[in-house]
Amino acid sequence: MVNTDFSAEIGGAAGIAPSEVAEELFIGLENNLFDIPVGDTKVYANAIGEAMAKLAQA
């Protein structure tokens with residue numbers, strides 16, 4: 001969830017800063033990424049990627 005006026009009524013105040021979302025978006029676009037995880041989703045995506053890489057080596 002992104003901390004915006006739009007999401008305030010559903011708990012957005014505890015969400016990710018819009019500037020963080022924008023920064024990750026531009027980085028992803030510069031690197032031609034299809035998926036651009038942000039916040040906790042990025043942490044989970046990195047963990048899954050590392051686990052998959054270990055499985056591929058086994």
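## A nonpolar patch on the surface

Val43, Tyr44, Ile48, Met52 and Leu55 come together as a nonpolar surface patch, with about 570 Å² of accessible area together. Patch members need over 30% relative accessible area and no salt bridge, with nonpolar side chains (Val, Leu, Ile, Met, Phe, Trp, Tyr) joined within 5 Å and like charges within 9 Å. A salt bridge here is a side-chain nitrogen of Lys or Arg within 4 Å of a carboxyl oxygen of Asp or Glu. The areas are Shrake-Rupley values with a 1.4 Å probe, and for residues only the protein chains shown count as cover.

All of this comes from a predicted model, where local features need pLDDT of at least 70, side-chain atom pairs count only at pLDDT 80 or more, and totals for chains, interfaces and linings use all residues. Residues are numbered from 1 along each chain as its sequence is written, and side-chain values use heavy atoms, leaving out hydrogens and water.

## Helix α2

Met52, one of the patch residues, sits in helix α2, residues 40-57. At 51% relative accessibility Met52 counts as exposed (exposed is over 50%, buried under 20%, partly exposed in between, with a 1.4 Å probe and protein chains only). Zero of the 18 residues of α2 are buried, so this helix lies largely in the open.

From first C-alpha to last, α2 reaches 26 Å, close to the 26 Å expected at 1.5 Å a residue; the expected span is 1.5 Å times one less than the number of residues. In an α-helix there are 3.6 residues a turn, so residues three or four places apart point the same way.

Helix α1 covers residues 18-30, and its 13 residues reach 18 Å, close to the 18 Å expected. After α1 comes Asn32, with a positive phi near 55°.

Glu24 is part of α1 and, at 14% relative accessibility, counts as buried. Leaving aside residues up to four places away in sequence, Glu24 touches Ile36, Pro37, Val38 and Lys42 (a contact is heavy atoms within 4.5 Å).

## The chain as a whole

The chain has two helices and zero strands, taken as DSSP runs numbered from the N terminus (helices H or I, at least four residues; strands E, at least two). The radius of gyration is 14 Å, well over the 10 Å that the globule rule gives for 58 residues, so the chain is more spread out than a compact globule. That radius is taken over C-alpha atoms, and the rule is 2.2 Å times the number of residues to the power 0.38.

Along the principal axes, the C-alpha atoms fill a box of roughly 45 × 25 × 15 Å. Of the 58 residues, 12% count as buried.
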